[in-house]
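Take a look at the structure below and keep it open while you read. We'll go through it piece by piece.

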Amino acid sequence: MTTSPLTIRMHAADNVAIVANDGGLPAGSVLPDGLTLVDRVPQGHKVALVAIAKDAAVLRYNVPIGYALKDIPAGAWVHERLLHMPEARSLADLPRATAAAWNAEPLQGYTFEGYRNADGSVGTRNILAITTTVQCVAGVVDFAVQRIKEQLLPRYPNVDDVIGLEHSYGCGVAIDAPDAIIPIRTLRNISKNPNFGGEVMVVSLGCEKLQPERLLPPGSIPLQTNEALDVVCLQAEKHVGFMSMIDSVLTSAVPHLERLNARQRETIPASELVVGVQCGGSDAFSGVTANPAVGFCTDLLVRAGATVMFSETTEVRDAVDQMTARATTPEIADAMAREMAWYDAYLGRGQADRSANTTPGNKAGGLSNIVEKAMGSIIKSGTAPISGVLSPGEKLQHKGLIYAATPASDFICGTLQLAAGMNLHVFTTGRGTPYGLAEVPVIKVATRTDLARRWHDLMDVNAGTIADGEATIADVGWELFHLMLEVASGRKQTWAEHWKLHNALVLFNPAPIT
Ligand code: CA
């Protein structure tokens, strides 16, 4: 790591750059172009490259991330208290599918070893997932899962794991409210995630509002051997005592485990990857190192015919015009604007707006506001045309680059991407989070070498080498692409898998609780 002053400017028109040096730079430091810092500037924070007059735009990514509240001299630290945030762009008169054609060469010949499912989807892991209708059963399901792991799983060595799909929904909710469709379809579609091999078994309490037939109505899942949905109902009269419930769950699990155990990995084209990308615990390097590398990899995946979902609506909102321009059709642009409008109204009902997104950690890491964070976040989507839009909890119908509308909350975004059919998850972080999911492998990408060094057994890829000048965005993008194929094939475990770091499923429920 160099010790001479190092700054990164994202666009030639920018009037600020960020300080890359570990520990920041003291006042009096002289940048390579001769500019002398007049303040101490922490790592990841912005320095004014020229004098910025009161009310003038502060440009990063060639986008006004704010307007100066007072005159800012050249060499000064530009922090959030000096900036007035711009209003969100109107959703009227957005460009619709106006971007130039994308002429990237198809990428051929890349494969991974995966589990082909009857519905055509492909799993990267082979997991028995037990669907639950209501939180009331969670303790029983936890107990049963432990028993299955101890007593049954050793007989089925080809099955990677057994998990309970537990959540806080199912009762005490306004189940007929229009927005209740979101948590319900999320649970329905998660139970059909490709990593579960089409095996669906349900544990229900009995008296809950979300009855098994409402969660998984006839026709919503392909049934295996018999016609009835496989449900263990804890309140059923036949259950006398706790152990009879546990025995029922274990007995139900056996045929599912047998069928899962018989699955074999086979060589699958990279076009069957379904990658969800998101970021969490972002800093100013997120948009400089990790997210651009992910964006490069997104382009590789789309060129290979794969599916990539990007999400986090509050972090796309300020770039909505760039995104609707990249839509493949005016209808897809309109769908994106519709999702943004719905989310604006949802936030408005809570008397909040997109600015509620940024955290104290984001600001400490140099991100002044949501506009700056958004510009760094959307880079994960690369440059490909956007060929589809999903509402929260919906399942993917098409390949390519898809905008899956979700909150930015790491757990809710991950949960909704699972429902969409994700079989691999990529997560970038600058501040550091040990995030992981039980359902799919999560590849974590560090934005800074300092984080990658300290969290050497939690971070899978170090994109900090880009800021250090040791690797290019393309180098790290290709590294990530090759790692994805290894992880998808089961030849490599992610650190979150190694340590079994599993965050809870968290449903997005905009409907009332009763
Ligand atoms: Ca997130």
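Let's begin with Gln351. With a relative accessibility of 78%, Gln351 counts as exposed, because the cut-off for that label is over 50%. You can find Gln351 in the loop between α7 (330-349) and α8 (360-364). Its backbone is worth a look too: the phi of Gln351 is near 55 degrees, a positive value in a residue other than glycine. Most residues other than glycine have a negative phi. Keep in mind that this is a predicted model, and every value here is computed from it.

Asn62 also has a phi near 55 degrees, again a positive value in a residue that isn't glycine. Look for Asn62 in the loop between β4 (57-60) and β5 (63-68). Is Asn62 buried, partly exposed or exposed? Its relative accessibility is 37%, so Asn62 counts as partly exposed.

## The whole protein

Now zoom out. The protein has 14 helices and 21 strands, and its C-alpha atoms fill a box of roughly 80 × 45 × 45 Å along the principal axes. For 514 residues, a compact globule would have a radius of gyration near 24 Å; the protein has 24 Å, so the two agree.

How much of the protein is buried? Buried residues make up 57% of the 514 residues. The accessible surface comes to about 19,900 Å², and carbon and sulfur atoms account for 54% of that surface. Then there's the question of who touches whom. If you take contacts between residues at least 6 apart in sequence, 72% of them join residues at least 24 apart.

## The calcium site

Which residues coordinate the calcium ion? They are Gln278 (OE1), Cys279 (O), Glu312 (OE), Ala408 (O) and Asp410 (OD), at 2.4 to 2.6 Å. Along the chain, these donors follow the spacing Q-C-x32-E-x95-A-x1-D.

## Salt bridges

The protein has 23 salt bridges in total. One of them joins Lys46 and Glu372, with the closest N and O atoms 2.7 Å apart. This pair links distant parts of the chain: Lys46 sits in strand β3 (residues 46-48) and Glu372 in helix α9 (residues 370-377), 326 residues apart. Why do both partners count as buried? Buried means under 20% relative accessible area; Lys46 has 1% and Glu372 has 0%, so each falls under that cut-off.

Another salt bridge brings together the side chains of Asp321 and Arg89, at 3.6 Å from N to O. Asp321 lies in helix α6 and Arg89 in the loop between β7 (83-84) and β8 (111-116), so the pair ties together parts 232 residues apart in sequence. Asp321 is partly exposed, with a relative accessible area of 28%, and Arg89 is partly exposed as well, with 29%. The side chains of Arg491 and Glu486 also meet in a salt bridge, at 3.0 Å from N to O. Glu486 is partly exposed, with a relative accessible area of 28%.

## A few spots on the surface

Which residues make the nonpolar surface patch of about 240 Å²? The answer is Phe143, Phe242 and Met243. Phe242 belongs to helix α4 (residues 242-261), and with a relative accessible area of 36% Phe242 is partly exposed.

Last stop: Gln211. You'll find Gln211 in the loop between β12 (201-204) and α3 (212-215). At 27% relative accessibility, Gln211 counts as partly exposed. Leaving aside residues up to four places away in sequence, Gln211 touches Thr133 and Gly206. As for Arg326, Gln211 is 115 residues away from it in sequence and 41 Å away in space, C-alpha to C-alpha.

Terms used:
Residues are numbered from 1 along each chain as its sequence is written. This is a predicted model: local features need pLDDT of at least 70, side-chain atom pairs count only at pLDDT 80 or more; totals for chains, interfaces and linings use all residues. Side-chain values use heavy atoms; hydrogens and water are left out. Patches are made of residues with over 30% relative accessible area and no salt bridge: like charges are joined within 9 Å, nonpolar side chains (Val, Leu, Ile, Met, Phe, Trp, Tyr) within 5 Å. Accessible areas come from the Shrake-Rupley method with a 1.4 Å probe; for residues, only the protein chains shown count as cover. A salt bridge is a side-chain nitrogen of Lys or Arg within 4 Å of a carboxyl oxygen of Asp or Glu. Helices (H or I, at least four residues) and strands (E, at least two) are DSSP runs, numbered from the N terminus. Buried means under 20% relative accessible area, exposed over 50%, partly exposed in between (1.4 Å probe, protein chains only). Contact means heavy atoms within 4.5 Å. Donors are N, O and S atoms within 2.8 Å of the metal (3.2 Å for Na, K and Ca); water is not among the atoms, so sites may look incomplete. The radius of gyration is taken over C-alpha atoms; the globule rule is 2.2 Å times the number of residues to the power 0.38.
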